[in-house]
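Subject: A structure for you to look through

Dear colleague,

I am handing over a structure that I would like you to read alongside my notes. Please open it first and keep it in view while you go through the rest of this message.

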Amino acid sequence: MTPGARVAAAIDVLDAIVAGQPAAQALTRWARNSRFAGSKDRAAVRDHVYDVLRHWRSDAARGGGFSGRARMIGRMRGLGVDPAGLFHGEGHAPAPLSKDEQQAGEAPIERGVAWDLPDWLLPLFEESLGTEAESTAQALTERAPVTLRVNLAKTNVADAQARLVEDGIMTVANPRASTALTLTEGARRLRNSASYTEGFVEIQDASSQSAVLKFGSSGRALDLCAGGGGKALAMAALGWSVTASDIDAARMKDLPHRAARGGHDISIHAQEDLANLPKFDLVFVDAPCSGAGTWRRTPDAKWALTPDRLDALVATQREVLTNAATLVAPGGTLVYATCSVLKLENDAQTQWLISQTSSFVLQEQRHWSVNAWGDGFYAAHLTREV
């Protein structure tokens, strides 16, 4: 596919998203109907689509409209590229710009547009982040890094980095976590590399790696909202005896394979069985949340979030915390975490739990910001009194 044809394909996908299709579904349908597209073509179209989703409002302003075509024109302008160079109608490229399209494209002025946030989220960002609200919103419009966790149960950082070089994958040490390596070259080779398939490295953001490293390395641990199990694997690699559970067991379907690949023995239990198990030294709650710290990776989630949905998530977080508190052994630790940057999902929830029970004492809490090294993340450590 020519560069112009890739842009035209991205416009078709974006129009499907504008019409209501989830981004991943729209991309999958396009790929299935476009067997002529090679892997590099599919990757390029995906990059175009997600770049526009990250700049959904500002690209519409720069492109002078809300269609996929207008937003793609806006993305070109946002990159400092003259759209006429790709919108020329040749080789399956989009049709040339109309006179109106040529004249459209003033720089975004309204704050919600310039920050690429829904207007209703602006006050929440400012309340949560203060002077860092704007920089965080802008950081969420950039592409996220691809970061690996070195599996210390199998190797060390230096050896893992050398193995990756043999696979044609270049990395740099990530300052957020001692186990973290951020890819600089060869990301598309990772899934088929020996380093990955043999369990020497796993994909995991550096912020969550940093949070897990604070847990220590001994005792019985429960990952209560395990999902795909990335943090359960990280805890096991540190020496914890890990039990994983999730309200939706289907989310953990790949965990046994991932654990075997990494050389870990992780016990998986249904939520209803947890009360019958001995209390845990560590209960980790990576709670369902807005994902506001990870919107670089799932930008469509930013636009799908509503005030009602956020209220429902806050209520769910409190239910999960209430349940988690009953599973912590005396003297044990409850860790509450989210991949959000919003105060009402983070600090406010920690304080809510403390207000509900005198059994837990806050030992520390930490916020990780969104930047070139990692996602936004929050974690609070609470100790249950003996």
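What follows is an account of what was found, going from the whole chain to single residues.

Please keep in mind throughout that this is a predicted model. The secondary structure of the protein chain comes to 17 helices and 11 strands. The radius of gyration is 23 Å, which is close to the 21 Å that the globule rule gives for 386 residues, so the chain is as compact as a globular protein of that length. Along its principal axes, the C-alpha trace spans about 75 × 50 × 35 Å. Buried residues make up 50% of the 386 residues, and the chain exposes about 17200 Å², of which carbon and sulfur atoms supply 50%. If you take the contacts with a separation of 6 or more, 67% of them are between residues 24 or more positions apart.

The aromatic rings come next. The structure holds four aromatic pairs, and I describe some of them here. The rings of Phe-125 and Trp-295 have their centres 6.5 Å apart and their planes at 20°, which is under the 30 degrees that counts as stacked, so this pair is stacked. Phe-125 lies in helix α8 (residues 122–129), whereas Trp-295 lies in the loop between β8 (280–286) and α15 (299–304), so the pair ties together parts that are 170 residues apart in sequence. Both Phe-125 and Trp-295 are buried. The pair formed by Trp-368 and Phe-377, by contrast, is edge-to-face, with 5.8 Å from centre to centre and 70° between the planes. Trp-368 counts as buried because its relative accessibility is 6%, under the cut-off of 20%, and Phe-377 is buried as well, with a relative accessible area of 5%.

The charged end of Arg-163 sits over the ring of Phe-200, 3.8 Å from its centre, and the charged end of Arg-220 sits over the ring of Phe-280, 4.3 Å from its centre.

Is His-92 buried or exposed? At 70% relative accessibility, His-92 counts as exposed, because the value is over 50%. Asp-116 likewise has a positive phi, near 55°, in a residue other than glycine, and Asp-116 is found in the loop between α7 (111–114) and α8. Asp-116, however, is buried, with a relative accessible area of 2%.

Helix α13 (residues 230–238) is mostly covered, since seven of its nine residues are buried; the buried ones are Lys-231, Ala-232, Leu-233, Ala-234, Met-235, Ala-236 and Ala-237. Just after α13, Gly-239 takes a positive phi of about 115°. In helix α16 (residues 307–325) you will find Gln-317, which is buried with a relative accessible area of 0%. Not counting residues up to four places away in sequence, Gln-317 touches Ala-287, Pro-288, Cys-289, Tyr-336, Glu-345 and Gln-349.

With best wishes,
A colleague

Notes
Residues are numbered from 1 along each chain as its sequence is written. This is a predicted model: local features need pLDDT of at least 70, side-chain atom pairs count only at pLDDT 80 or more; totals for chains, interfaces and linings use all residues. Side-chain values use heavy atoms; hydrogens and water are left out. Rings of Phe, Tyr and Trp (its six-membered ring) pair if their centres lie within 6.5 Å; planes under 30 degrees apart count as stacked, over 60 as edge-to-face and the rest as tilted. Helices (H or I, at least four residues) and strands (E, at least two) are DSSP runs, numbered from the N terminus. Buried means under 20% relative accessible area, exposed over 50%, partly exposed in between (1.4 Å probe, protein chains only). A charge sits over a ring if NZ of Lys or CZ of Arg is within 6 Å of the ring centre and within 35 degrees of the ring normal. The radius of gyration is taken over C-alpha atoms; the globule rule is 2.2 Å times the number of residues to the power 0.38. Contact means heavy atoms within 4.5 Å. Accessible areas come from the Shrake-Rupley method with a 1.4 Å probe; for residues, only the protein chains shown count as cover.
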